[in-house]
Amino acid sequence: MPSKPLYVLNGPNLNLLGVREPDVYGRDSLADIEAACAARARGHGLAIDFRQTNHEGQLIDWLHEAREKAALVVFNPGAYTHTSIALRDAVAAIGVPVIEIHLSNPAAREEFRHVSHVAPVAKGVIAGFGAHSYVLAIDAAALLLNPAAPAGQ
Ligand code: CA2
């Protein structure tokens with residue numbers, strides 16, 4: 001198992017989780033999700049560094065930082081998913097696997113959410129399982145980082 005942490009990066013408005021729009025995004029706060037990710041990662045012998053920002057440039061700086069400091073990035077770019085070529089370029093540039101995640105299933109929502117600029121350069125995408133999308137991504141990260149582990153562990 002790697003000594004570097006998993007970065008879990010969250011984009012704009014995700015700080016509002018649990019406060020507004022529970023029908024779309026669930027009742028868990030981002031702090032609840034962070035606790036669930038940390039516990040799941042611990043079970044895999046991994047550590048996480050969990051962050052949120054409302055600023056595109058900050059996400060790019062964190063992705064660049066991940067190049068040296070993270071084993072893998074779990075990334076919910078929020079609405080920037082559908083708009084940001086700059087984030088796509090950063091994900092493509094860093095050489096660290098990135099798992100794109102979403103609470104909702106953007107493909108089942110408005111047409112403007114059907115495009116992800118990040119997905120083509122991500123290792124994979126997990127979407128539509130609410131807060132469980134994050135926990136499933138931690139499991140996927142553990143699998144990617146330790147592919148020899150038997151299924152079910
Ligand atoms: O489903 C996801 O995780 C999204 O990345 C969430 C983004 C949305 O723009 C993407 O299409 C899909 C929006 C995050 C906004 O989060 C809020 C949380 C509570 C209240 C209002 C917004």
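Let's start at Arg 113: one of its polar side-chain atoms lies 2.9 Å from an oxygen atom of the ligand, a polar contact, meaning a pair of N or O atoms within 3.5 Å. The protein covers 95% of the 510 Å² of accessible area that the ligand has on its own (Shrake-Rupley method, 1.4 Å probe).

A quick word on the source: this is a predicted model, where local features need pLDDT of at least 70, side-chain atom pairs count only at pLDDT 80 or more, and totals for chains, interfaces and linings use all residues. Residues are numbered from 1 along each chain as its sequence is written, and side-chain values use heavy atoms, leaving out hydrogens and water.

Back to the contacts. For Ser 104, a polar side-chain atom comes 2.5 Å from a ligand oxygen atom, while Leu 103 brings a backbone N or O atom 2.8 Å from an oxygen atom of the ligand.

Who else is around? In total, 16 residues surround the ligand, each with a heavy atom within 4 Å of it. Asn 76 and His 82 are among the closest.

And where does the ligand sit? You'll find the ligand in the largest pocket, with more than half of its atoms within 2 Å of the pocket's grid points. Pro 12, Asn 13, Leu 14, Tyr 25 and Arg 113 lie nearest the centre of that pocket.

Note on methods:
Polar contact = N/O pair within 3.5 Å; in protein donor to acceptor, adjacent residues only side chain to side chain. 1 Å grid on protein atoms, 1.4 Å probe; cavity = no way out; pocket = protein on both sides within 12 Å on 5 of 7 lines; lining within 4 Å.
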